[in-house]
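Here are a few quick notes to read alongside the model. Keep the picture open and follow along point by point.

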Amino acid sequence: MRVESPAFRDGDTIPVKYTCDGDDVSPPLRIIDPPQGVKSYVLIVEDPDAPGGTFIHWVLYNIPPGLVEIPENVPKQPEVRGIGVQGINDFGRVGYGGPCPPRTHPPHRYFFRLYALDTELNLKPRASVDDVRRLMEGHILAEASLMGRYGRRR
C-alpha cells in the first residue's frame, strides 16, 4: 500500500496553501494498492520535530475502505460523510491543522501515516490520537507514509 499526494512528492516541501501561512486546508491524498480485507483506514499526520515532542496535526479515522482519494480541504467538522470521522489535533481542534513550525526552527518533517485496518474503530468523533492508536492495535493490515517538509521564513 502507498499514500501519495498530487500536491507534493515524498520528501518535498509542502506547498504554503496547506500550512498556517496559507489557507490551512488539508492536501489531497491518494490511497494506492490497498491490501485485501480492509474494513477502514486511519490517517494520522504528525510532526516529530516539534519543540515539545511529536505534534499531531490531523486524526482521521473510519475512512471507508472503497475510498481511493481523500479530497483537498476536508471540512473541519467531527464527521464528514463519505470521508470519515475526525479526532482532536494538538491545536485542540477537530480536523486538519497545517504545518506551522516556529520561525526560529529549520524546516520540520510532517508524516502523513495511513493505516489499513481489518475493522472499524468504535469511537465517537473528537477522539484523541491515543484512543485511536489503542484501538488500532492488532488490527493493522498495512501502513504507508508520505513525508513533506515545511519551514517558515525567519
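1. Let's begin with β8 and β9. Strand β9 covers residues 140-150, and it pairs with β8 in the antiparallel sense over 10 bridges. Keep in mind as you look that this is a predicted model.

2. Which residue in β9 is its bridge partner? It's Leu-146. Phe-112, which sits in β8, also has Val-45 standing opposite.

3. Why is β8 described as largely enclosed by the rest of the structure? Count its residues: the strand spans 108-117, and 8 of its 10 residues are buried, so the rest of the structure encloses most of it. "Buried" here means under 20% relative accessible area. For the chain as a whole, buried residues make up 45% of the 154.

4. Next, have a look at the open sheet. It is formed by 3 strands in the order β1-β2-β5, with antiparallel pairing. β1 (2-4) and β5 (69-70) stand at the edges, and each has a single partner strand, so one side of each is left without a neighbour in the sheet.

5. β1 pairs with β2 (residues 29-32) in the antiparallel sense, over 3 bridges.

6. Time to step back. The chain has 1 helix and 9 strands.

7. What about overall size? A compact globule of 154 residues would have a radius of gyration near 15 Å, and the chain agrees because its value is 15 Å. Its C-alpha atoms fill a box of roughly 45 × 30 × 25 Å along the principal axes. Taking contacts between residues at least 6 apart in sequence, 69% join residues at least 24 apart.

8. Last, the surface and the charges. The accessible surface comes to about 7600 Å², with 45% of it belonging to carbon and sulfur atoms. There are 19 positive and 20 negative side chains, and the centres of the two sets lie 4 Å apart.

Technical notes. Residues are numbered from 1 along each chain as its sequence is written. This is a predicted model: local features need pLDDT of at least 70, side-chain atom pairs count only at pLDDT 80 or more; totals for chains, interfaces and linings use all residues. Side-chain values use heavy atoms; hydrogens and water are left out. Helices (H or I, at least four residues) and strands (E, at least two) are DSSP runs, numbered from the N terminus. The radius of gyration is taken over C-alpha atoms; the globule rule is 2.2 Å times the number of residues to the power 0.38. Buried means under 20% relative accessible area, exposed over 50%, partly exposed in between (1.4 Å probe, protein chains only). Contact means heavy atoms within 4.5 Å. Accessible areas come from the Shrake-Rupley method with a 1.4 Å probe; for residues, only the protein chains shown count as cover. Lys and Arg count as positive and Asp and Glu as negative; His and the chain ends are not counted. The place of a charge is taken as NZ of Lys, CZ of Arg, CG of Asp or CD of Glu. Two strands pair if DSSP finds at least two bridges between them.
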